[in-house]
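Biologist: I'd like to learn how to read packing features in a model. Could you walk me through a few?

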Amino acid sequence: MVAGQPELGPGRAAGYYSWQHRLPAASAGYLRWAGFAGLFFAGLLLGIMAVLLGALFQGQDLSLLPDEMLQPQLLRLVGGAVIQASLSAVLSIIVGAGCALCVFRRGMFFGRSALLTLSFLAMIMPTTVAAVSLLSLWGRQGAVRQSVNSLFGTDLLFAPYGLFMVILAHMFFNAPLVMRVCLSVLQAIPESQMKLAAQLRFGAGSYLRFIEWPAVKQALPSLFGLIFLLCFSSFSLVLMLGGGPAVSTLEVAIYTALRFEFNLPRAGALALLQLLISSVVILSLSRLELQSWTSRLDAMQTVPRSDRDRISVKSLDIFVVALFCLIVVGPVLSLILGIDIGGGAGLFHRPVFWSALFSSCLLGLTAATASTAAALLLAAGRCHLHYLDHPLIRERGAEIIALSVSVYLVLPAIVLGTASFLLLRGIADLFASAFWLVLFSNTLMSLPFAARILMARYSAVVSRSHRLALSLNLRGYSYFSRIILPAMRHEIGLSLGLCCALSLGDFGVIALFGSDRFQTLPWLLYQYASRYGGPEAEVLSLLLLLLAVALYWLLYKSVGLWAERGLRPC
C-alpha cells in the first residue's frame with residue numbers, strides 16, 4: 001500500500017475518508033449505489049432466512065416444543081452426536097497438526113507437492129464418493145481388512161459400519177484442512193527465531209515447546225469449533241456409514257422423520273434444535289480468528305534445523321506422514337486400483353445416468369456462479385458502505401452483511417430443505433420444483449465459503465486501486481475486468497471451483513426431493529451404494545470424483561484466461 005493512502009474497509013470513521021468528498025458527484029453516486037446494492041442484497045438474504053425460520057414454527061404448538069426436545073431418545077441422539085463430533089475434531093487435529101509439524105520440519109522432500117495437492121483434493125471430494133472410497137479400503141472386502149484377516153486369521157479391526165467408520169470419514173475430510181492451516185501458520189514463523197534455535201542446537205522437543213507450539217495453538221480453538229460444527233451436522237457420511245440409529249445426527253433424524261415417517265411436527269422440532277445448537281457454536285466461532293486455508297504453501301523455511309537428521313526424528317516423521325497418507329490418500333488409491341470398469345460399464349447404458357450427469361453439471365456451474373457473484377456483491381457493498389448518507393446504516397451495515405453471510409452456516413441443508421418443504425408444500429409441487437430448491441440450497445450452502453475467500457482480498461485490492469480507477473472513470477464492468485479480475489484471479493477461480501465441487505457433490509436437499517423425475521449423481525450413487533453396490537457404484541464414484549476435479553480445474557483456468565483478456569488494450 002502506498003504511504004498515506006487510506007484503506008477502504010468497514011468500521012472506519014467517516015472522517016478518515018476525507019478524500020472522498022473531493023470525488024466527482026457522479027463517482028460518489030456510483031459508489032453510494034454499490035454500497036446500497038450490497039446492503040440491500042444482505043437484507044434480502046436475511047429476509048429469506050426469516051421466512052424459512054417462520055416456516056419451521058408455522059403450525060407448531062410452541063408450548064410443546066420443550067417437551068419434544070427433552071425426550072430421552074432425542075437427548076441420547078444429541079449426546080451421541082456431540083461425542084462423535086468431539087472425537088472426530090480431536091483426532092483430526094492430532095493427525096493434521098502432527099503431519100504439518102513433520103512436513104515443516106522436513107522442508108523439501110520427495111512427494112511433498114503431491115501430498116499438498118492431495119490434501120486439497122479431499123476438500124473438494126463429494127461426500128458420497130468419500131464414503132464409497134472408505135468402504136473400498138476399510139469395508140468388509142477392503143484391502144486393509146483383508147490384509148489383517150490374512151495375517152492374523154481373524155478380523156481385529158473395528159466394525160465396517162458404525163461410530164469408528166464415521167470418525168474415520170470425518171478425519172478424511174478435516175485432517176487435510178488442519179494440516180494446511182497449521183502448515184501456513186508454521187511457515188509464517190520468522191526466520192530469526194529458527195536461526196537462533198539452530199545456533200542453540202535445539203532438539204525436537206525444544207522446537208515444539210518454544211517455537212512451533214506457541215504458533216500452532218492460536219489456530220487450534222477455531223479449528224476445533226469449525227470441525228465440531230461440520231461433524232455435528234454431518235448427513236451423508238453418517239447416513240451411509242453409520243450403520244443404523246445407534247450412530248446418527250440430528251440431520252439424519254430430520255431426514256427420517258420427513259422422508260419416511262412424514263412426521264412434520266417432529267421434523268420441525270428437530271430442525272429447530274439443530275438450529276439452536278449450531279447457532280451457539282457459530283457465535284462461539286465468531287469470537288475466534290480462523291487462519292486462511294487458501295494460503296499458498298510453496299514458500300518454505302531455508303534455515304537448517306539441528307534436529308532434522310536424527311534417526312528418531314526421521315522415524316517419527318515417516319510414521320506420522322504415512323499415517324496421514326493412509327487416512328487421506330489410501331481410500332482414493334484403493335478405489336482407483338480396485339475398480340472393476342468392465343463390471344460397471346453397464347452404467348453408461350442407463351438413461352438415468354446421463355440425466356443425472358446433466359443435472360449435476362448444470363447445478364454445479366449455476367450454483368458456483370451465483371455464489372461467487374453474490375459474494376462479490378456483498379464484498380463491494382461492505383467496502384463502500386461509508387458513502388451511504390445515514391450514519392446508522394454506515395455503522396451497522398458491515399454487521400448486517402457479515403450476518404447475512406454467516407447465518408447460513410447455522411442452517412444446514414436438511415434444515416433448509418425441511419423449512420422449504422413446510423413453506424411450499426401447499427403452494428407448489430415440490431418434486432417438480434426440485435431442481436430450483438436444490439439450486440437455491442447449494443447456492444446458500446456455498447456462499448459462506450465464497451465470501452471467506454473473496455471479501456478480505458477484495459478490500460485489499462480496492463484500497464490500493466480505487467482512487468486511480470475513479471480518476472480514470474473505470475466503473476462497473478470496466479472496473480471489474482481491468483482492476484478486480486486481474487488482481488483476484490486466484491481467489492475468484494478458487495471460489496468458483498470450490499463452490500462448483502461442493503454443489504456437484506452435495507447430498508443434502510436432494511435426499512429429500514430426489515425422485516424418478518429429478519436425479520443428481522450423488523443421489524444416484526447413494527441409491528447404487530445402498531441397494532445394489534458393486535462395480536457400478538465404484539465406477540460412478542470415480543466418475544464423480546474426476547468430474548469434480550475437472551470442473552474445478554476448468555473454472556479456475558477460465559478465470560485466468562478471462563483476466564488476461566481483460567488486460568489487453570482496447
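This is a predicted model: local features need pLDDT of at least 70, side-chain atom pairs count only at pLDDT 80 or more; totals for chains, interfaces and linings use all residues.

Biologist: Is Ser-248 buried or exposed?

Modeller: Buried means under 20% relative accessible area, exposed over 50%, and partly exposed in between (1.4 Å probe, protein chains only). Ser-248 has a relative accessible area of 14%, so it is buried. Leaving aside neighbours within four places in sequence, Ser-248 is in contact (heavy atoms within 4.5 Å) with Leu-77, Ala-81, Val-238 and Ala-253.

Biologist: Now to helix pairs. At what angle do α7 and α10 pack?

Modeller: Axes are lines fitted to C-alpha atoms, for helices over the stretch in contact, and angles run from 0 to 180 degrees between N-to-C directions. Helix α7 (residues 163-187) packs on helix α10 (residues 220-232) at about 160 degrees, with axes 11 Å apart. Angles under 35 degrees count as roughly parallel, over 145 as roughly antiparallel, 65 to 115 as roughly perpendicular and the rest as oblique. The pair α7 and α10 is therefore roughly antiparallel. Residues making the contact include His-170 and Asn-174 of α7 and Leu-220 and Leu-223 of α10.

Biologist: And how do α17 and α22 pack?

Modeller: Helix α17 (residues 351-383) and helix α22 (residues 489-504) meet at about 140 degrees, their axes 8 Å apart. That angle makes α17 oblique to α22. Among the residues that meet are Gly-364 and Ala-368 in α17, and Ser-495 and Cys-499 in α22.

Biologist: Last topic, the core. Which residues touch the most other members of the largest nonpolar core?

Modeller: A nonpolar core is a set of buried Ala, Val, Leu, Ile, Met, Phe, Trp, Tyr and Cys residues joined through side-chain atoms within 4.5 Å. In the largest one, with 188 residues, they are Leu-241 and Tyr-458. Helix α7 gives the largest share of this core, 17 residues. Not counting residues up to four places away in sequence, Tyr-458 touches Leu-376, Ala-379, Ala-380, Cys-383, His-384, Ile-484 and Met-488.

Methods:
Residues are numbered from 1 along each chain as its sequence is written. Side-chain values use heavy atoms; hydrogens and water are left out. Helices (H or I, at least four residues) and strands (E, at least two) are DSSP runs, numbered from the N terminus.
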